[in-house]
Amino acid sequence: MTKLHEIVDMSVMKAYTFHAVIVIIKMMLMSPLTGYLRMKNRAFANPEDAVAFGKGEAAQKYLRTDPYVERVRRLHRNDLENIIPYLFIAFFYSFTGVSETTALMHFRIFTAARLFHTIAYLLPLPQPSRGLGFGVGIAVTFSMIFQLMWNGLDLL
Amino acid sequence: MTKLHEIVDMSVMKAYTFHAVIVIIKMMLMSPLTGYLRMKNRAFANPEDAVAFGKGEAAQKYLRTDPYVERVRRLHRNDLENIIPYLFIAFFYSFTGVSETTALMHFRIFTAARLFHTIAYLLPLPQPSRGLGFGVGIAVTFSMIFQLMWNGLDLL
Amino acid sequence: MTKLHEIVDMSVMKAYTFHAVIVIIKMMLMSPLTGYLRMKNRAFANPEDAVAFGKGEAAQKYLRTDPYVERVRRLHRNDLENIIPYLFIAFFYSFTGVSETTALMHFRIFTAARLFHTIAYLLPLPQPSRGLGFGVGIAVTFSMIFQLMWNGLDLL
């Protein structure tokens, strides 16, 4: 029986999978963070959530938006907009016959950029910190897109 | 010519694909549901949509948010935040050499949890119903992440 | 060493990858467009962004929503809701042994529909233009889902 590692470069695939898992965990953690902050700041979107923290008028009062909860939700949405396209592009890129060194460089810079973007968004750091994290992530993704295009999407 | 089933465990891949298709259909159905409710409740986000239901001031009046439309949109966004990470993690997980039984258990529990989460959000059911559906989905995804990590991302 | 093209139909995979990259680029471009319009229309979500364009009260004044910025954000979210499910379904579909002609027809119609949807949303064109782009995209995705289901998810 043929093994997968006889067909694809497993060092690149493992590097892809490892960094994909890291940024997916980072992105997923935004959900419990939002939930925790909604409870801590008493700022709910659903009446059935607010009633656990107060009855009648009190529950009504907790149906509100909180600036910091909204900040985390914007960060989470920015993750969806940037990390998910990266996951697809980096997957295609892993089949182009790229060297492990070049692939690792792309995956590491992207991962570091998105971790920095997260910190810059949460603290927040003054601009252009967040913009830098965001921009580097986009640049890495487009670098992979250019290389995919350049070799005519010639997969292994 | 080598066939794909000689390389990967097709029983796990088929189980993955089947459950992926189910949760993708479920997620996609939130779009027409939003559209239907926008028309039914006369609550539009775009002026070009509202004008079909009234002219001048009437159209202006229908540019509003409706609590139930917003509920469905929050559900849809929650699907994006949870189902898409799952689709990637479960795909990687299918290459770890996991047994069909263990894989099926993960895929079935996740799918059931997200269907229950959907019902709990739409009715709505009192909490912690929705929280349970959400939490079980996250737990299944992290169970797969731990197993990916545990065997050092050792794909087949 | 076995090559990937000995196992999967590379003409279909290349067609998939090419059209995936096109719609991913299209979707990703919504991010810088939002950023550009936020600066042009002075409509920011984060205080640390607004301070670059005014101090004190002026910065506060720029923390607002702009109808056109919100339009682009709705378009971007609609892309996430439609293009990402398509990317998964079309990937599975590429392994069903579908002919290159049939696969290309699906990928081209979806890509054209989403480009038209984008134009219709940005200008905006009167309805049902945007609805048509949206609906054709959904129809193509469900056509692939039906074919996946029909042959029992029988991958190559």
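In which helix of chain C is C:Met13 found?

## C:Met13

C:Met13 belongs to helix H1 of chain C, which runs over residues 10–28. The model is predicted. C:Met13 counts as buried because 20 other C-beta atoms lie within 10 Å, and the cut-off for burial is 20 or more.

C:Asp66 lies 53 residues from C:Met13 along the chain, and the C-alpha atoms of the two are separated by 41 Å.

## Helix H6 of chain A

Helix H6 of chain A covers residues 100–122, which is 23 residues. At 1.5 Å a residue the helix should span 33 Å, and its end C-alpha atoms are 33 Å apart, so the two values agree.

## Packing of H2 and H5 in chain A

Helix H2 of chain A spans residues 30–40 and packs with H5(A) at an angle of about 170°, the axes being 9 Å apart. Angles over 145 degrees count as roughly antiparallel, and H2(A) and H5(A) are therefore roughly antiparallel to each other.

On the H2(A) side, the contact is made by A:Met30, A:Leu33, A:Thr34, A:Leu37 and A:Arg38. They meet A:Tyr68, A:Val69, A:Val72, A:Arg73, A:Leu75, A:His76 and A:Asp79 in H5(A). By type, the residues of this contact between H2(A) and H5(A) are seven nonpolar, two polar and three charged.

Technical notes: Residues numbered from 1 in each chain as written. Chains lettered and ligands numbered in written order. Predicted model: local features only at pLDDT ≥ 70, side-chain atom pairs only at ≥ 80, totals over all residues. Helix = DSSP H or I, 4+ residues; strand = E, 2+ residues; numbered from the N terminus. Buried ≥ 20, exposed ≤ 12 C-beta atoms within 10 Å, placed from the backbone. Expected span 1.5 Å × (residues − 1). Axes fitted to C-alpha atoms, helices over the stretch in contact; angles between N-to-C directions. Parallel < 35°, antiparallel > 145°, perpendicular 65-115°, else oblique. Contact = placed C-beta atoms within 7 Å. Nonpolar A, V, L, I, M, F, W, Y, C, P; charged D, E, K, R; others polar.
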